[in-house]
Amino acid sequence: MDRALVVLSESDTGKELLGEAAELAAGVDAELVCLSALTEEEYDHDIDVLSMLDHAEGTTSHGGGRSFEEEGRAELARNEGERLARPVLEETGVDYEIVGRVVNDDIAAAVVEAANDADCDHVFLVGNRRSPVGKAVFGDVAQTVILDFDGPVTVEVE
């Protein structure tokens, strides 16, 4: 493993997985790419919250005098990823970067695309426990990533 993608998750399982990926990366001197993927709904919610905060403060900008709309969709997702990853990774000594994406409903495709774009050779992500029928009917991000990514995928089930 030279470079691994970790899909960030706010859950305890996601934080544990990030720590395990960092430990493994440190052991083999690999780099981590941390993907913060916000859905369109999560992005819209975050924009609404930032708008309310700015309105309450009597300002029209968020951070550094720039409108948060101008910061860009990926930047908002990246900032969220930094908030999630920093507490876990700051003392590990592992080289890492945060990649932010706002995605449509096809999160699995965004994960595989981000891993390929960053030239990653391993993916770590949190999966949901579902029955085979549930996976067939509703799909499963982890299952799709396992099938579509050309490399090892480590899934920690919540």
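Helices (H or I, at least four residues) and strands (E, at least two) are DSSP runs, numbered from the N terminus.

This is a predicted model, in which local features need pLDDT of at least 70 and side-chain atom pairs count only at pLDDT 80 or more, while totals for chains, interfaces and linings use all residues. Residues are numbered from 1 along each chain as its sequence is written, and side-chain values use heavy atoms, with hydrogens and water left out.

Q: How many helices and strands are in the chain?
A: Going by those runs, you get seven helices and five strands. Follow the sequence and they come in the pattern β-α-β-α-α-α-β-α-β-α-α-β.

Q: Where is D29 found?
A: D29 sits in the loop between α1 and β2. Helix α1 covers 12-28 and strand β2 covers 31-39.

Q: Why is D29 counted as exposed?
A: Exposed means over 50% relative accessible area, buried means under 20%, and partly exposed is in between (1.4 Å probe, protein chains only). D29 has 71% relative accessibility, so it counts as exposed.

Q: What is the phi of D29?
A: It's near 55°, a positive value in a residue other than glycine.

Q: What makes D119 exposed?
A: Its relative accessible area is 62%, so D119 gets the exposed label too. D119 is found in the loop between α5 (107-117) and β4, and it has a positive phi of about 55° although it's not a glycine.

Q: How much of the chain is buried?
A: Buried residues make up 39% of the 158 residues.

Q: What makes a set of residues a nonpolar core?
A: The members must be buried Ala, Val, Leu, Ile, Met, Phe, Trp, Tyr or Cys residues, joined through side-chain atoms within 4.5 Å. The largest core here has 18 residues, and L18, L32, C34, A85 and L89 have the most contacts inside it.

Q: Which elements each supply at least two residues of this core?
A: They are β1 (3-7), α1, β2, α4 (73-89) and β4 (122-127). Helix α1 gives the most, with five residues. Apart from this core lies another, of 17 residues, among them L5, V99, A118 and C120.

Q: Which residues is L18 in contact with?
A: Contact means heavy atoms within 4.5 Å. Leaving aside neighbours within four places in sequence, L18 is in contact with V6, L8, C34, L84, A85, V88 and L89.
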